[in-house]
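Here's a quick tour of one protein chain, meant to be read with the coordinates open. Have a look at it first, then we'll go through it piece by piece.

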Amino acid sequence: MAAAVAAVGGEGKKRGASRSWILFDAAGEERVLDADKYAIMHRVDINARDLRILDPLLSYPSTILGRERAIVLNLEVLLRDPSDENVIPVVEELRRRLAPSNATQHDGKENLSGQHDVEGAEEDESPFEFRALEVTLEAICSFLDARTTELETDAYPALDELTSKISSRNLDRVRKLKSGMTRLTARVQKVRDELEQLLDDDDDMADLYLSRKLAGASSPVSGSGGPNWFPASPTLVSKLSRASRASAATIHGNENDVEELEMLLEAYFMQIDGTLNKLTTLREYIDDTEDYINIQLDNHRNQLIQLELFLSSGTVCLSLYSLVAGIFGMNIPYTWNDGHGYVFKWVVLVSGLLCAFMFISIVAYARHKGLVGS
């Protein structure tokens, strides 16, 4: 029976150093083991390229790969230290989902009919690898959805505040939120694309049926010949036997039947698609806010242009008035200036009226052409 190995830690900084891994088997037993990458490659029968997909220091796209005795999964969420508060819920859920159904029979109330009911319920359970995969997908989708909810909680009030008051602080706050949204959208999009690609390929989904492969390669009780990670126990042997018999029945029926896995993946595909729709809606809201702000800025810019037009028109009119004053103020002797002092007031009055008429004409022409608001 395949074992679920989840990489959850590693304090070593040197290449090839041991890391902490949590191991669950089909009987619900668990242990934390320290192993380097070569030991993991030997135990789960994968190559170095598959293991590098899980290395957080390397940039690999989201991937779900089915191998002979393992499912290699990298979906944008890194689970490291098993004592970390973000990892503990995942470990607890794995412990609950992978625990044998008859674990509650130790309270002294079991009977023969109850045991038959439990065994019947166990045979109706999903394969071990699908239960482990479901916990992983649930943790990933829940994590991304929680990050999306947090982003929405921060983004919508910040955008509303920005529309009411455009300031450097609000602009910088929205800029940071938009950058976080872009990164989160890329992560969610990668997970969605990988699930969609897997759903479109029945052969890839068939590769994830590890129990079916094991049942076809060995007898129900002989084992797969791989390394023995846990001591043999009646519970483990019984569960392996039941899983192998169920998988053997599936093989004799239809080896390409992937309906169970397809239903599982479709459920989480819909969940991650809903998360992506939330981010898309948030992006549209941000774009609408940006358009509104640009309209406001354009309006302010137009008002400044109108003010500049008024000031420029006034400057031209005053320049003409100053020209007249400069002509009459030149220190040049001329005969018609003698005895005509009363003309000064008429020159000042007429020049002022002409400048005012010119300013009003310019403003009226600008309004007629729609250059300024009425």
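Is threonine 289 buried or exposed? Threonine 289 is buried, at a relative accessible area of 6%; here buried means under 20% relative accessible area, exposed means over 50%, and partly exposed is in between (1.4 Å probe, protein chains only).

## What you're looking at

This is a predicted model, where local features need pLDDT of at least 70 and side-chain atom pairs count only at pLDDT 80 or more, while totals for chains, interfaces and linings use all residues. Residues are numbered from 1 along each chain as its sequence is written, and side-chain values use heavy atoms, with hydrogens and water left out.

The protein has eleven helices and five strands, taken as DSSP runs and numbered from the N terminus (helices are H or I, at least four residues; strands are E, at least two). It has 374 residues, and 32% of them count as buried. The accessible surface comes to about 22,600 Å², with 56% of that belonging to carbon and sulfur atoms; the areas come from the Shrake-Rupley method with a 1.4 Å probe. Take the contacts (heavy atoms within 4.5 Å) between residues at least 6 apart in sequence: 69% of them join residues at least 24 apart.

## Around threonine 289

Back to threonine 289, which sits in helix α10 (residues 259-328). Leave aside its neighbours within four places in sequence, and threonine 289 is in contact with Leu159 and Thr163. Its C-alpha atom is 8.4 Å from that of leucine 162, a residue 127 places away along the chain.

The model has twelve salt bridges in total, counting a side-chain nitrogen of Lys or Arg within 4 Å of a carboxyl oxygen of Asp or Glu. Aspartate 172 and lysine 176 make one of them, at 3.5 Å from N to O. They are four residues apart in helix α6 (residues 168-199), which means about one helical turn separates them. Aspartate 172 is partly exposed at 31%, whereas lysine 176 is exposed at 52%.

Glutamate 196 and arginine 192 repeat the four-residue spacing in α6, again about one helical turn, with their closest N and O atoms 3.2 Å apart. Glutamate 196 is partly exposed at 31%, but arginine 192 is buried at 18%. Salt bridges with shared partners tie Arg192, Asp193, Glu196 and Asp273 into one network.

## One side of α3

Which residues of helix α3 (residues 88-98) are buried? They are Val90, Val91, Glu93, Leu94 and Leu98. They cover an arc of only 160 degrees around the axis, so they lie on the same side of α3; the arc is that of the directions from the helix axis to the C-beta atoms. These buried residues pack against β2 (19-24) and α5 (128-164).

## Cysteines

There are zero disulfides, taking a disulfide as a pair of cysteine sulfur atoms within 2.5 Å. For cysteine 317, the nearest cysteine sulfur is that of cysteine 355, 5.9 Å away. Cysteine 317 is buried at 4% relative accessible area, and cysteine 141 is buried too, at 1%.
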